[in-house]
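The following exercises are to be worked through with the sequence and the model at hand. Each task is followed by a solution in steps.

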Protein chains: 2
Amino acid sequence: MVTSISLIIAEASLETVPRQLASHPTVKNQAQKLGRSPGEILLDKSYHHPAMLRAGLDLYWKRGRPDIIHFALMEALSTPLFVKNMLKVYIHTVKNKLIVIGENLRIPKSYFRFEGVMINLFKEKVIKSTDGNNMLLELHDNITFEQFILNGIRPDKLIGLSSDGVKSSAEEIVSRNITKNNDHIAFVVGGFPKGHFSHDTNKLFSCSYSIGELKLEAHVVIARILYECEKLLDLHHYQVNSK
Amino acid sequence: MVTSISLIIAEASLETVPRQLASHPTVKNQAQKLGRSPGEILLDKSYHHPAMLRAGLDLYWKRGRPDIIHFALMEALSTPLFVKNMLKVYIHTVKNKLIVIGENLRIPKSYFRFEGVMINLFKEKVIKSTDGNNMLLELHDNITFEQFILNGIRPDKLIGLSSDGVKSSAEEIVSRNITKNNDHIAFVVGGFPKGHFSHDTNKLFSCSYSIGELKLEAHVVIARILYECEKLLDLHHYQVNSK
């Protein structure tokens, strides 16, 4: 049996500008620069902070950080684990949208190009390869995290990575949870700048761990967990071959 | 003796727009959007590709990728090793400029803000903390990589990380090279999208390694090497304490 590994970037701070902010000057100004309508562009605290404050958005501190998702996604998609199709990657947003990442997707490192891809995805709901044969990115609306986990990917273990989890190390977490008895392990990393997972996310975890004594950025946690997964899987491979 | 570790992002694809490109429409247009003069903005292939092609820039394939430097720098500066002041970070650019990263520097994840910081650095040569007491970033002109290594930081070992180096693993490289006999190890990672280090860089390496069978992005190599350094130093710490 082959171990299957998923990474979920959860409560991800990625969305288009909400309707109530569309007429704010910072939004209109940026939409014009990008040649888009205000409702199409990504909510971004770097530009829309005054508009977000004024509108009193709910969950304000978890919103408008597409840069965090860009880094987290780039980290995961640059690993040999992903390149060799041994990792599935999903983004579940703070506004209950699910983004499914296609096999072999390469996202642009240039934020300008990443932004363009995401704006198109939110508009078209799907992005295919230029020959039209492969799904690169797919967006589904109105799916709660619980629906995605329990009715969607249904992993054998759902491992939360959070600074309020049980103190451990990336190496220990991976070696303890990826065993021959489990066929599908999903790791969950928060795609937001501060605070913790909501109760609705937390309650679904089989267990929750914190790696390291310092709070780590999402992309650092992703880099370390996936690297340890690769090391463990290489080791298994080596043991099989050396018999 | 405490092991001292440096990371150098070398031949870094980071510079302001060269004079011969300043009048190209893509450059003027972007400078206007940013409210800067054309010679102040960063050369960026995402915007200036046609201008770069037309001008026939030398070392074309190693230039205009500030996004690569943003990712590489973010990766290094997000590690506990850096946060705990156990790592010095330098950028040496393809155009012989040296950027010294101050202790505890936090660079913005938002590319828009990162770009602003870098534009200011190239213009002012130094960026200090708001109270004026700490150097955050410092830029020095006209220093070759050789001058920087031999007359500047003078490490005991200079370890190149390159896909044409000796095949090894991040763990092996770190455990083999960070020993009690060495007081200063500098790792060198390329800050460019493809190709190899130039002869002038290569000739200074004590040794050169490749990690993994696939070519890895600079930020992935940085993440893995620094993580293994942390693991090794924690181990040393543990051994000292348990005596």
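Contact means heavy atoms within 4.5 Å. The model is predicted, so that local features need pLDDT of at least 70 and side-chain atom pairs count only at pLDDT 80 or more, while totals for chains, interfaces and linings use all residues. Residues are numbered from 1 along each chain as its sequence is written, chains are lettered from A and ligands numbered from 1 in the order in which they are written, and side-chain values use heavy atoms, without hydrogens and water.

**Exercise 1.** Determine where B:His24 is found and with which residues B:His24 is in contact, leaving aside neighbours within four places in sequence.

*Solution.* Step 1: B:His24 belongs to the loop between β1 (4-12) and α1 (25-34) of chain B; helices (H or I, at least four residues) and strands (E, at least two) are DSSP runs, numbered from the N terminus. Step 2: the contacts are with B:Pro50, B:Ala51 and B:Arg54. Step 3: the relative accessible area of B:His24 is 14%, so B:His24 is buried (buried is under 20%, exposed over 50%, partly exposed in between; 1.4 Å probe, protein chains only).

**Exercise 2.** Describe how the axes of α1(B) and α2 (residues 45-55) of chain B cross.

*Solution.* Step 1: the two axes come within 8 Å and cross at roughly 150 degrees; axes are lines fitted to C-alpha atoms, for helices over the stretch in contact, and angles run from 0 to 180 degrees between N-to-C directions. Step 2: α1(B) and α2(B) are therefore roughly antiparallel (angles over 145 degrees; under 35 is roughly parallel, 65 to 115 roughly perpendicular and the rest oblique). Step 3: B:Thr26, B:Val27 and B:Gln30 of α1(B) make the contact with B:Tyr47, B:His48, B:Pro50 and B:Ala51 of α2(B).

**Exercise 3.** Which parts of chain B does the pair B:Glu40 and B:Lys123 tie together?

*Solution.* Step 1: the side chains of B:Glu40 and B:Lys123 form a salt bridge at 3.0 Å, N to O (a side-chain nitrogen of Lys or Arg within 4 Å of a carboxyl oxygen of Asp or Glu). Step 2: B:Glu40 lies in the loop between α1 and α2 and B:Lys123 in helix α5 (residues 111-124), so the pair ties together parts of chain B that are 83 residues apart in sequence. Step 3: B:Glu40 is buried at 19% relative accessibility, whereas B:Lys123 is partly exposed at 47%.
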